Amino acid sequence: MPFARLAAATTPTCHIGFGLAAVARPGYITLGRDADLGETRTVEALRARTHELLDAAYAQGVRYFDAARSYGRSEEFLADWLRTRPGLDDVVIGSKWGYTYTADWTTDAEKHEVKDHSLPTYERQRAETAELLGDRLDLYQIHSVTPDSPALTDKELHARLAEAAAQGVTVGFSTSGPAQADAIRTALTVTVDGEPLFRTVQSTYNALETSAAPALAEAHDAGLTVIVKEGMANGRLAGPHAPDELRAVAERTGLGCDAVALAVVLRQPWAGVVLSGAATTNQLASNLHAAVVDLDDDELNRLADLAEDPRTYWEKRGSLPWH
């Protein structure tokens, strides 16, 4: 399994990954991103920014990189970066299928991505990913599984995913929405020829949205690698938008609200990899300080009180504008 490579790493940042959702397309829902990226968002400008961030992340010990078919040109940018650095054999590359990018490199599209977990979509997107990433792809995930997703019951799809696993690609899934825990537990029951299909799960977990924690602990106990996304709650836990309690703890540590927010996630015993979604190298450097944040029990309890009802959290997330 590719994540065994990370298990052998000893750098403080080896359990922090870098996700390309916010930098490989001109529009995304992270608060403050309009200021982070500015007005120049051509393909080449964002390609250069992505490569700069990948270089910085690797230099600072990050070894997992996360893309998706729907993240604009994330797979293309990542493939370009890997192609010019053929000696990087200690990284783990993950991508996702199940959403199609439909914004045509704009920020004001009616729909930025369209979800489809059918077998034909898998076949099409698997070929597209293979064309770009080839044998550098380590992990292929179903993108944003919910309890009603046909990907949880489609036996033909399961068989095709098992074929990919037999050829050396780890198969995983990501979740979203207020019923993440239900989706995780259902996915844990999916088997092919008596063997569990999924080896990783990627879910939203942060100081505001903690509802998936028990199910993620169960997944970890079942042997899955747990990847945590949206640890910054799409910018709601960043300095300009952070709750007062988080600001107070960050002031005590002398580090940013982002580092403290990600440190809360890193402390979870089931968290294998926690993603940074930084859009600038300064943000990335600040995010990576999460590995050295020391929080006492009182501070952890204060931050635990920030958790929202999952339905409230996902309603707020759904109302965030595409910047």
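Author: Buried means under 20% relative accessible area. The model is a predicted one. By that cut-off, strand 6 is mostly covered, with seven of its seven residues buried.

Reader: What makes strand 6 and strand 3 a pair?

Author: Two strands pair if there are at least two bridges between them. Strand 3, residues 92-97, and strand 6 are joined over four bridges, so they count as paired, in the parallel sense. Among the positions concerned, Ser95 has Tyr140 of strand 6 as its bridge partner.

Reader: Why is Thr146 called buried?

Author: Thr146 has a relative accessible area of 18%, and the limit is under 20%, so Thr146 is buried. Thr146 is found in the loop between strand 6 (139-145) and helix 6 (155-166). Leaving aside neighbours within four places in sequence, Thr146 is in contact with Lys115, Leu152, Ser176 and Ala183.

Reader: What makes the link between the side chains of Thr146 and Asp148 a polar contact?

Author: A polar contact needs a pair of N or O atoms within 3.5 Å, one able to donate a hydrogen and the other to accept it. The side chains of Thr146 and Asp148 are joined at 2.6 Å, so the distance falls inside that limit.

Reader: Why does Tyr122 count as buried?

Author: The relative accessibility of Tyr122 is 2%, and buried means under 20%, so the label applies. Tyr122 has its place in helix 5. Not counting residues up to four places away in sequence, Tyr122 touches Trp97, Tyr140, Leu157, Arg160, Leu161 and Ala164.

Reader: What makes a residue part of the lining of the second largest pocket, and which residues lie nearest its centre?

Author: A lining residue has an atom within 4 Å of a grid point of the pocket. For the second largest pocket there are 13 such residues, and Arg69, Gly72, Arg73, Tyr101 and Leu132 lie nearest its centre. Helix 4 (74-83), strand 4 (99-101) and helix 5 (119-133) each give two or more residues to the lining. The largest share, four residues, comes from helix 5. By class, the lining has three nonpolar, four polar and six charged residues. The space in this pocket is about 170 Å³.

How values were computed
Residues are numbered from 1 along each chain as its sequence is written. This is a predicted model: local features need pLDDT of at least 70, side-chain atom pairs count only at pLDDT 80 or more; totals for chains, interfaces and linings use all residues. Side-chain values use heavy atoms; hydrogens and water are left out. Buried means under 20% relative accessible area, exposed over 50%, partly exposed in between (1.4 Å probe, protein chains only). Contact means heavy atoms within 4.5 Å. On a 1 Å grid over the protein atoms alone, a cavity is a set of points where a 1.4 Å probe fits but cannot get out, and a pocket is an open set with protein on both sides within 12 Å along at least five of seven lines; lining residues have an atom within 4 Å of a point. Grid points are joined across faces, edges and corners, and a volume is the space filled by probe spheres set on the points. Ala, Val, Leu, Ile, Met, Phe, Trp, Tyr, Cys and Pro count as nonpolar, Asp, Glu, Lys and Arg as charged, and the others, Gly among them, as polar.
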